[in-house]
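Subject: Handover of a structure

Dear colleague,

Please find below the structure that I am handing over to you. My findings follow directly after it.

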Amino acid sequence: MTVNETKKLIAVINPSNATNKSVTWNSSNASVANVDNTGKITAVSKGATIITVKTEDGNFIADCIVNVKEIFVPVIDITGIPTTMTAGNTIALAGTVTPANPTNKIIIWSVQSAGTTNANINGSTVSATST
């Protein structure tokens, strides 16, 4: 499963003509995936958990291992970055990442210089110098 995905488990009671078909559902780690009283599982975060169903009559148990993965969300675009600078100027770089919820938001800045102006970068601060 992936985070926020839901699936439904169905408990099959044997014999099919049992008079009490009541069951309870449980997750061994509800922070990974939880289960409601109808067997509907909701994936919450990356990890693994065991979903257990137990019959009310006879206390028979069945388990299901649920593995939850994160979906990788790539950065598509970074906007708001200056493309030109004048020699002697220093600016702090900041950009807006699209989409707003990528898996990794870390931006590594680098400089590409052309002509007679060069730029130096320190973290997210860039300084333009002449040569």
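**What was found**

Asn59 is partly exposed, with 47% relative accessible area (buried means under 20%, exposed over 50% and partly exposed in between, using a 1.4 Å probe and protein chains only). Asn59 is placed in the loop between S5 and S6, where helices (H or I, at least four residues) and strands (E, at least two) are DSSP runs numbered from the N terminus. Its phi is positive, about 55 degrees, although Asn59 is not a glycine.

Before going further, please note that this is a predicted model, in which local features need pLDDT of at least 70 and side-chain atom pairs count only at pLDDT 80 or more, while totals for chains, interfaces and linings use all residues. Residues are numbered from 1 along each chain as its sequence is written, and side-chain values use heavy atoms, with hydrogens and water left out.

**The chain as a whole**

The protein chain has 11 strands and 0 helices. Its radius of gyration is 27 Å, well over the 14 Å that the globule rule gives for 131 residues, so the chain is more spread out than a compact globule. Here the radius is taken over C-alpha atoms, and the rule is 2.2 Å times the number of residues to the power 0.38. Along the principal axes, the C-alpha trace spans about 90 × 20 × 15 Å. Of the 131 residues, 18% are buried. Among contacts (heavy atoms within 4.5 Å) with a separation of 6 or more, 46% are between residues 24 or more positions apart.

**The sheet of S2, S5 and S6**

An open sheet is formed by 3 strands in the order S2-S5-S6, with antiparallel pairing; two strands pair if DSSP finds at least two bridges between them. Strands S2 (23-27) and S6 (61-68) stand at the edges with a single partner strand each, so one side of each is left without a neighbour in the sheet. On average, neighbouring strands of this sheet are turned by 20 degrees against each other, direction ignored. For such angles, axes are lines fitted to C-alpha atoms, for helices over the stretch in contact, and angles run from 0 to 180 degrees between N-to-C directions.

S2 and S5 are paired over 5 bridges, and Thr24 stands opposite Lys54 in S5. Strand S5 (residues 47-55) is joined to S6 by 8 bridges. Gly47 faces Val68 in S6, and the bridge partner of Thr52 in S6 is Asp63. The hairpin of S5 and S6 has 5 residues between the strands, and Gly58 takes a positive phi near 100 degrees there.

Thr49, in strand S5, is buried, with a relative accessible area of 2%. A polar contact of 3.0 Å joins its side chain to that of Ser27. Such a contact is a pair of N or O atoms within 3.5 Å; within protein, one must be able to donate a hydrogen and the other to accept it, and residues adjacent in sequence count only if both atoms are side-chain atoms. Leaving aside neighbours within four places in sequence, Thr49 is in contact with residues including Val32, Cys64 and Val66.

**The nonpolar core**

The largest nonpolar core has 11 residues, among them Trp25, Ile41, Ile51 and Val66. A core of this kind is a set of buried Ala, Val, Leu, Ile, Met, Phe, Trp, Tyr and Cys residues joined through side-chain atoms within 4.5 Å. The elements giving two or more residues to this core are strand S3 (33-35), strand S4 (40-43), S5 and S6. Not counting residues up to four places away in sequence, Ile41 touches residues including Met1, Leu9, Val35 and Ile51.

**Backbone features**

Most residues other than glycine have a negative phi, and most peptide bonds are trans. Asn4, in the segment before S1, has a positive phi near 75 degrees and counts as exposed at 65% relative accessibility. A cis peptide bond joins Asn14 and Pro15, and Pro15 lies in the loop between strand S1 (6-8) and S2. The bond from Thr98 to Pro99 is also cis, with omega near 0 degrees. Pro99 is found in the loop between strand S9 (96-98) and strand S10 (117-122).

Yours sincerely
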